[in-house]
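Here are a few notes to go with your first look at this model. Have it open beside you and take the points in order.

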Amino acid sequence: MIVTIVIFRLSKPATLAEMTATFQSTAPKYRGMAGLLRKNYWLSEDGTRAGGIYVWETRADAERVYTEDWKKMVESKYGAPPIIEYLHSPVMVDNRDDKIIMAA
């Protein structure tokens, strides 16, 4: 499994309510996305940074989404280009399903 942390600096601080509405508007396009196991949207407590924490089956799955067009969309929507960090996730604890999941 691969975890990506996507970060973008907001052009002006945003409230949790503002970003929740924005995130709700984009969330449906990630449902059923090939290779995406989970996505958490996030907003820093001071409202100056936002992004997503994604869990992917493979890095190739993530790279299929993080295209130049996607990066341009993020920049136009939030006012800053995204920073993407890739991390290996060899083990995941899922307390909702009471499972420990090992990367393939």
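1. A definition before we start: two rings of Phe, Tyr or Trp (taking the six-membered ring of Trp) count as a pair if their centres lie within 6.5 Å. With that in hand, look for one aromatic cluster, formed by Tyr 30, Tyr 54, Trp 56, Tyr 66, Trp 70 and Tyr 86. Do keep in mind that this is a predicted model.

2. How many aromatic pairs are there by this rule? The count comes to eight. One of them is Phe 8 with Tyr 78, a stacked pair with 4.1 Å from centre to centre and 25 degrees between the planes. Phe 8 sits in strand β1 (residues 2–9) and Tyr 78 in helix α3, so this pair ties together parts that are 70 residues apart in sequence. Phe 8 is buried, at 5% relative accessibility, and Tyr 78 is buried too, at 10%.

3. Now to Tyr 54 and Trp 56. Their ring centres are 5.7 Å apart and their planes are at 10 degrees, so this pair is stacked. Tyr 54 has a relative accessibility of 2%, which means buried, and Trp 56 is buried with a value of 0%.

4. Ile 53 is in strand β3 (residues 49–56). Is Ile 53 buried or partly exposed? Partly exposed, with a relative accessible area of 36%. Leaving aside residues up to four places away in sequence, Ile 53 touches Val 3, Thr 4, Arg 38, Lys 39, Asn 40 and Trp 42. For a sense of distance, the C-alpha atoms of Ile 53 and Asp 98 are separated by 21 Å, and the two residues are 45 apart along the chain.

5. Turn to helix α1 (residues 16–26), where Met 19, Phe 23 and Thr 26 are buried. Seen down the axis of α1, the buried residues fall within an arc of 60 degrees, so they line one face of the helix. On the other side of α1 you'll find Ala 17, Gln 24 and Ser 25, which are exposed. What covers the buried residues of α1? The cover includes β2 (36–43), β3 and α3.

6. On to charges: the count of salt bridges comes to three. Two of them belong to helix α2 (residues 59–65). Glu 63 bridges to Arg 59, with the closest N and O atoms 2.7 Å apart; these residues are four apart in α2, so about one helical turn separates them. Glu 63 is partly exposed at 41%, and Arg 59 likewise counts as partly exposed, at 40%. Arg 64 bridges to Asp 61 at 2.4 Å between the closest N and O atoms, again with about one helical turn between them, as they are three residues apart. Asp 61 is buried, at 9% relative accessibility.

7. The remaining salt bridge joins Lys 71 and Glu 68, whose closest N and O atoms are 3.6 Å apart. Both residues lie in helix α3 (residues 68–78), three apart, or about one turn of the helix. Lys 71 is partly exposed, at 29%.

8. Last, the surface. Val 91, Val 93, Ile 100 and Met 102 make a nonpolar patch of about 420 Å². Strands β5 (91–94) and β6 (99–102) each supply at least two residues of this patch. Ile 100 is found in β6 and counts as exposed, at 62% relative accessibility.

Conventions
Residues are numbered from 1 along each chain as its sequence is written. This is a predicted model: local features need pLDDT of at least 70, side-chain atom pairs count only at pLDDT 80 or more; totals for chains, interfaces and linings use all residues. Side-chain values use heavy atoms; hydrogens and water are left out. Buried means under 20% relative accessible area, exposed over 50%, partly exposed in between (1.4 Å probe, protein chains only). Contact means heavy atoms within 4.5 Å. Patches are made of residues with over 30% relative accessible area and no salt bridge: like charges are joined within 9 Å, nonpolar side chains (Val, Leu, Ile, Met, Phe, Trp, Tyr) within 5 Å. Accessible areas come from the Shrake-Rupley method with a 1.4 Å probe; for residues, only the protein chains shown count as cover. A salt bridge is a side-chain nitrogen of Lys or Arg within 4 Å of a carboxyl oxygen of Asp or Glu. The arc is that of the directions from the helix axis to the C-beta atoms. Rings of Phe, Tyr and Trp (its six-membered ring) pair if their centres lie within 6.5 Å; planes under 30 degrees apart count as stacked, over 60 as edge-to-face and the rest as tilted.
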